[in-house]
Amino acid sequence: MTVTALSPHIGYHNSAKIAQQALKNKTDLRTAAIKSGYLTGTEFDEWVDPLKMTNNQQN
């Protein structure tokens, strides 16, 4: 899961809780993260960027 991208910002434990809640509630990671109160939708969108995570940057 892309939850790993959240760890530097909210910590491993909180990131793991979000992942567990998303799985338990059969929802997407973004929804679970926002519902957790640890971050906003804007922060999630900034931190969980697949292009940045894979270092694939387009010119």
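Helices (H or I, at least four residues) and strands (E, at least two) are DSSP runs, numbered from the N terminus. By that rule, Lys26 sits in the loop between helix 2 and helix 3. The model is predicted: local features need pLDDT of at least 70, side-chain atom pairs count only at pLDDT 80 or more, and totals for chains, interfaces and linings use all residues. Residues are numbered from 1 along each chain as its sequence is written, and side-chain values use heavy atoms, with hydrogens and water left out.

Start with the annotation. UniProt, in an unreviewed entry, lists residues 3-55 as "domain: Fumarase C C-terminal". UniProt positions follow the numbering used here, feature names are shortened, and annotations may be inferred rather than shown by experiment. Across residues 3-55, the chain is 70% helix and 0% strand. The end C-alpha atoms of that stretch are 17 Å apart.

Now take the helix pair. Helix 2 covers residues 12-24, and helix 3 covers residues 29-36. Their axes lie 8 Å apart and meet at an angle of about 120°. Helix 2 is therefore oblique to helix 3. Angles under 35 degrees count as roughly parallel, over 145 as roughly antiparallel, 65 to 115 as roughly perpendicular and the rest as oblique. The axes are lines fitted to C-alpha atoms, for helices over the stretch in contact, and angles run from 0 to 180 degrees between N-to-C directions. Helix 2 passes helix 3 in a right-handed crossing. A crossing is right-handed if the near helix is turned clockwise from the far one by less than a right angle, and left-handed if anticlockwise.

Which residues in helix 2 and helix 3 meet? Helix 2 brings Ile18, Ala19 and Ala22; helix 3 brings Leu29, Ala32, Ala33 and Ser36. By class, this contact of helix 2 with helix 3 has six nonpolar, one polar and no charged residues. Ala, Val, Leu, Ile, Met, Phe, Trp, Tyr, Cys and Pro count as nonpolar, Asp, Glu, Lys and Arg as charged, and the others, Gly among them, as polar. Contact means heavy atoms within 4.5 Å.

Follow Ala33 inward. Ala33 lies in helix 3. At 0% relative accessibility, Ala33 is buried. Buried means under 20% relative accessible area, exposed over 50%, and partly exposed in between (1.4 Å probe, protein chains only). Leaving out residues up to four places away in sequence, Ala33 touches Leu6, Ile18, Tyr38, Leu39 and Phe44.

Leu6 is the next stop. Leu6 sits in the segment before helix 1 (7-10). Leu6 is buried, at 0% relative accessibility. Not counting residues up to four places away in sequence, Leu6 touches Gly11, Ser15, Ile18, Ala33, Leu39, Phe44, Trp47 and Val48. Leu6 and Ile18 are twelve residues apart in sequence, and their C-alpha atoms are 9.6 Å apart.

Ser15 belongs to helix 2. Is Ser15 buried or exposed? Ser15 is buried, with a relative accessible area of 2%. Setting aside neighbours within four places in sequence, Ser15 is in contact with Val3, Leu6, Ser7 and Ile10.

Ile34 is in helix 3 and is partly exposed, at 34% relative accessible area. Beyond residues up to four places away in sequence, Ile34 touches Leu39, Thr40 and Gly41. Ile34 and Lys24 are ten residues apart in sequence and 15 Å apart, C-alpha to C-alpha. Ser36 is also in helix 3 and is partly exposed, at 29%. Ser36 and Glu46 are ten residues apart in sequence and 17 Å apart, C-alpha to C-alpha.

Lys26 is exposed, at 78% relative accessibility. Lys26 has a positive phi of about 50° although it is not a glycine. Most residues other than glycine have a negative phi.
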